[in-house]
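Let's take a walk through this model together, one piece at a time.

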Amino acid sequence: MKRNLLLMTLAAIFIGMPMLKAQDDEAKKAAEAAMSTTVKSNEIKDTAKNWKFSGMVGLNATQTQFWNWAAGGNNNVTGVVYANMTLSYKKNKLAWDSNLDTEIGELYSADLNPRWRKSNDKFNIYSKLGYELAKNWYLTALGSFKTQFAPGYEYANNDAGDKTLIAKWASPSYTDLSIGVDWKPNDIFSVYLSPVAGRMTTATDSLLRERYGVPLNKSLKVEVGLTFKAAVTYTKIKNLKILSSLTLFTPYTKEFGNFNVDWDFMISYQFLKVLNVSLTTALKYYDEVMITDKNGNVGPRIQFKEVLGLGVGYSF
């Protein structure tokens with residue numbers, strides 16, 4: 001009896017040991033899988049922390065009506081769709097920033113001929129990739145492209161509806177490529193300087209080349225020069241966003257020191273969750289762009305635009 005009991009106990013041990021080992025292996029695999037999932041989840045969270053996406057999008061509309069207004073004016077309705085978005089990445093010594101700044105607007109007035117006219121038009125995009133050489137100092141490569149979406153016209157005789165084409169997509173356009181040093185002391189402000197900067201001015205329409213300083217027998221003018229760029233992105237106050245960008249370029253030619261200037265500014269405040277009031281300005285000066293003033297004089301001029309709008313918008 002005792003012998004049979006001993007044999008049964010030994011058999012149970014030998015049979016149970018593989019089963020226990022299999023269960024132990026399965027438990028180890030499950031623990032390893034759980035640990036791997038946790039590690040991957042943490043890696044995803046850490047990667048997400050390296051990215052930042054911010055900006056504002058919206059629609060502004062205005063309506064102006066006159067009755068017996070002594071100073072004159074045209075009844076009109078204007079709508080503008082705009083977006084300014086920035087995507088940033090920062091990890092260890094690597095930093096990458098990309099920005100899209102665009103708007104398109106139309107004006108309608110029964111008092112004008114033609115009644116529909118473009119009021120706003122901008123397409124600016126840039127991207128820069130930097131490697132940190134010292135604290136807040138980056139060796140940076142920068143590329144940018146600027147143009148407009150739709151044809152733009154000068155209107156001479158309202159009764160006859162006379163108009164002259166002065167701009168359209170890629171006429172003009174400005175493509176900048178450069179390598180320089182970027183100083184980023186914080187998330188608000190950055191300054192970039194490049195002594196090795198190339199600018200390509202394009203005018204695909206031959207009738208517009210003289211206006212924008214492009215040779216008549218070519219659609220492209222290439223210049224090498226010095227460029228400076230300063231940018232501000234302020235979002236420290238809830239619902240308030242301030243964006244500003246200043247770009248200067250001067251070629252290494254006899255015109256060195258004559259800077260092309262692009263300065264864009266936007267301030268936006270969001271209230272009641274969806275309503276947005278914004279002020280945008282744009283100042284430009286291009287030494288080679290010829291503009292005719294009201295007296296018929298032709299030459300480079302300071303260009304300035306200001307838009308104050310109330311509409312539906314979203315900041316993030």
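**Around the barrel and into a loop**

Start with strand β10 (residues 220-234) and strand β11 (residues 240-251), which run antiparallel and are joined by 10 bridges. Here a strand is a DSSP run of E with at least two residues, a helix is a run of H or I with at least four residues, and both are numbered from the N terminus. Two strands count as paired if DSSP finds at least two bridges between them. Look for V232, whose bridge partner in β11 is S244. As background, strands of a sheet pair through backbone hydrogen bonds, and they can do that parallel or antiparallel.

Before going on, a word on where all this comes from. This is a predicted model, in which local features need pLDDT of at least 70 and side-chain atom pairs count only at pLDDT 80 or more, while totals for chains, interfaces and linings use all residues. Residues are numbered from 1 along each chain as its sequence is written, and side-chain values use heavy atoms, with hydrogens and water left out.

Now zoom out. β10 and β11 belong to a closed barrel of 12 strands with antiparallel pairing, which runs β1-β2-β3-β4-β5-β8-β9-β10-β11-β12-β13-β16. From one strand to the next, the twist averages 20 degrees, taking axes as lines fitted to C-alpha atoms (for helices, over the stretch in contact) and angles from 0 to 180 degrees between N-to-C directions.

Which strands does β1 pair with? Strand β1 (residues 51-64) is joined to strand β2 (residues 76-91) by 14 bridges, and the two run antiparallel; F53 stands opposite L87 in β2. β1 also pairs in the antiparallel sense with strand β16 (residues 303-315), over 5 bridges, and there G58 stands opposite G313. β16 in turn is joined to strand β13 (residues 275-285) by 10 antiparallel bridges, with L310 of β16 as the bridge partner of V277.

Next, find I188 in the loop between β8 (173-183) and β9 (189-202). This residue is partly exposed because its relative accessible area is 25%; buried means under 20%, exposed over 50%, and partly exposed in between (1.4 Å probe, protein chains only). Leaving aside neighbours within four places in sequence, I188 is in contact with A231, V232, T233, Y234 and K236, where contact means heavy atoms within 4.5 Å. Is Q148 buried or exposed? It is buried, because its relative accessible area is 13%. The side chain of Q148 reaches the backbone oxygen of K168 at 2.4 Å, and a polar atom of that side chain lies 3.0 Å from the backbone oxygen of P172. A polar contact is a pair of N or O atoms within 3.5 Å; within protein, one must be able to donate a hydrogen and the other to accept it, and residues adjacent in sequence count only if both atoms are side-chain atoms. Beyond four places in sequence, the contacts of Q148 include K118, D121, A167 and W169.

A167 leads on to the largest nonpolar core, made up of 7 residues: A167, Y174, L208, Y212, Y286, V289 and I291. Such a core is a set of buried Ala, Val, Leu, Ile, Met, Phe, Trp, Tyr and Cys residues joined through side-chain atoms within 4.5 Å.

Finally, the rings. Rings of Phe, Tyr and Trp (its six-membered ring) pair if their centres lie within 6.5 Å, with planes under 30 degrees apart called stacked, over 60 edge-to-face and the rest tilted. The count comes to 15 aromatic pairs. F123 and F149 form an edge-to-face pair, 5.4 Å centre to centre with 70 degrees between the planes. Because F123 lies in strand β4 (residues 116-134) and F149 in the loop between β5 and β6, the pair ties together parts that are 26 residues apart in sequence. Ring pairs also link F123, F145, F149 and W169 into a cluster.
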